[in-house]
Amino acid sequence: MLQPDERLRFEQLVLPHLDAAVNLGRWLLRNRADAEDVVQEAMLRAYRFFGNFRGGDARAWLLQILRNSCYSWLEKNRPLEAMTEFDEETHQRPAPDPESLAVESDERERLTRALEALPVRSREVLVLRELEGCSYKEISEIAGIPMGTVMSTLSRARERLERELRGAAKEVSREL
Amino acid sequence: MSCELSRTTVHGYIDGELDAVRAAEFERHAEGCAECRVSLEQLESLHRRIERSQLYETASMGLRQQLRRDLRGQEPDPSTRRWYVMPVLAAAIITGVFWLAVSLVGTHTHAAQIAAELVDAHIRSLQPGHLTDVESTDQHTVKPWFDGKLDFIPPVGDYSGEGFPLVGGRLDAADGRTVAALVYGRRKHLISLFAWPEKAVSTGFSSSGSSRGYQWLMWHSDDMRFCLVSDISASELEQLRELIHP
């Protein structure tokens, strides 16, 4: 159990990264409500294991715990998705219903759908880089992959995202 | 595509992950390689598209409140403390610790609120034409510019030698007052240093965190409050703080 001064340290060092945790969780699980549940659980886990935190980058430490919780959640709730490796194309884009196609003319919606269509491990690295602004070193620490793999994963993820965006653009023009 | 660099190295370059030698090598190569130039353009435009779409999602108020309650609930069970031995003393100690905790948390919560305002100010400054009111890499041009515009003089240093060149300065607003903002560069990234006078909050006050993907680092020194905001890593912000206040 943590003493009050430890709780204070936790509130100063770890809690300020709550938004970072929610953002990563939302993109890993592709759903905001699930993400908030997992973040809540991960934050309490981090609090219980705060004694193991050796100082240094608190954001990377928290995100590491969070992404592990997210993958456990995926394994339990969507086992196929969690198994997808970086390159596999097994993850299918959900078939677009007419309503969402109409909304897809919106740029933000289009990017969201394209990003969600990426395999989860590529999506993770891309979100950490483009949205969270992490360095390769931080990404390697959080995602538990070698530095060299970060750049090649990013390269494939961005290429794939471009492809998804081009595909989405075609779908819209076909509809119109 | 046949150029290998246009698929690999270009990412390290655009992300600011190549060291100076390799970055220069790549720039020389890209001058003569159309594929790499196309790649660079595509990556930059993709990055801008993502940035403009504001995909970053933040925690809901409900989750914030729930966590605060949860963390309190995890405190040691008061019945295990032997407070009944000396109830008055124990109560006094508990009250003392409580108020200390409340005031410290208060200081840091307040810091986080100001930091959120400053992150907004930093993001606004990234809009075209809003970055600087005075654009100069010369500290002797930037410093006098603030004269007469503020009731204090912010310290203006140039740290190009250490990889943080001065870009310029501007006026900004935070915590209900006008503050000085200095702009520094770091590779392709920009850093805002906000400064305003404030009597000491607590000695050695320092607080940091992230908001909407930006890192911030706040501290107090010489009756002034300082805050760095940028999308570079926390350790690099620490490095710049060390240069400003060794």
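In this predicted model, strand E4 (residues 189-197) of chain B pairs with E7(B) in the antiparallel sense, over seven bridges. Within this pairing, Ala195(B) has Phe226(B) of E7(B) as its bridge partner. Strand E6 (residues 214-221) of chain B is also joined to E7(B) by seven bridges, again in the antiparallel sense, and here Trp216(B) stands opposite Val229(B). E6(B) and E7(B) form a hairpin with two residues between them. Asp222(B), in the turn of this hairpin, has a positive phi of about 50 degrees. Strand E7 spans residues 224-230 of chain B, and six of its seven residues are buried, so E7(B) is largely enclosed by the rest of the structure.

Chain A contains 10 helices and zero strands; along the sequence its pattern reads α-α-α-α-α-α-α-α-α-α. Of its 176 residues, 44% count as buried. When contacts in chain A between residues at least 6 apart in sequence are considered, 69% join residues at least 24 apart. The mean pLDDT of chain A is 84, with 80% of the residues reaching 70 or more. Over residues 86-92 of chain A, however, pLDDT stays under 50; for this segment the model has 11 contacts beyond four places in sequence.

The largest nonpolar core comprises 49 residues, of which Ala21(A), Leu24(A), Val39(A), Leu62(A), Leu63(A) and Leu66(A) touch the most other members. At least two residues of this core are supplied by each of helix H2 (18-29), helix H3 (32-48), helix H4 (58-77), helix H7 (107-116), H8, helix H9 (136-143) and helix H10 (147-175) of chain A. H4(A) accounts for the largest share, nine residues. The core lies between domain 1 (1-83) and domain 2 (85-176) of chain A, because both domains give residues to it. Not counting residues up to four places away in sequence, Leu63(A) touches Ala20(A), Ala21(A), Leu24(A) and Ile142(A). Another core, of 35 residues, lies apart from the largest one and includes Ala115(B), Val156(B), Val183(B) and Leu240(B). In soluble globular proteins, nonpolar side chains tend to be buried together.

Helix H8 (residues 120-130) of chain A is mostly covered, 11 of its 11 residues being buried. Among these buried residues are Arg121(A), Arg123(A), Glu124(A), Arg129(A) and Glu130(A), as well as Val120(A), Val125(A), Leu126(A), Val127(A) and Leu128(A). The loop between H7 and H8 of chain A contains Leu118(A). Leu118(A) has 25 other C-beta atoms within 10 Å and is therefore buried, the cut-off being 20 or more. Leaving aside neighbours within four places in sequence, Leu118(A) is in contact with Arg123(A), Leu126(A), Ala157(A), Arg160(A) and Leu161(A).

The contact between the chains takes 42 residues from chain A and 43 residues from chain B. On the side of chain B that touches chain A, helix H1 (9-14), helix H3 (34-53), helix H4 (61-73), helix H5 (87-125) and strand E5 (206-211) of chain B each supply at least two residues. H3(B) gives the most to this side, with seven residues. By residue class, the side of chain B that touches chain A divides into 16 nonpolar, 17 polar and 10 charged residues.

Conventions:
Residues are numbered from 1 along each chain as its sequence is written. Chains are lettered from A and ligands numbered from 1 in the order in which they are written. A residue is buried if 20 or more other C-beta atoms lie within 10 Å of its own, exposed if 12 or fewer, and partly exposed in between; C-beta atoms are placed from the backbone. Helices (H or I, at least four residues) and strands (E, at least two) are DSSP runs, numbered from the N terminus. pLDDT is the predictor's confidence in each residue, from 0 to 100. Two residues are in contact if their C-beta atoms, placed from the backbone, lie within 7 Å. A nonpolar core is a set of buried Ala, Val, Leu, Ile, Met, Phe, Trp, Tyr and Cys residues joined through C-beta atoms within 7 Å. Domain bounds come from an automatic or database domain assignment. Ala, Val, Leu, Ile, Met, Phe, Trp, Tyr, Cys and Pro count as nonpolar, Asp, Glu, Lys and Arg as charged, and the others, Gly among them, as polar. Two strands pair if DSSP finds at least two bridges between them.
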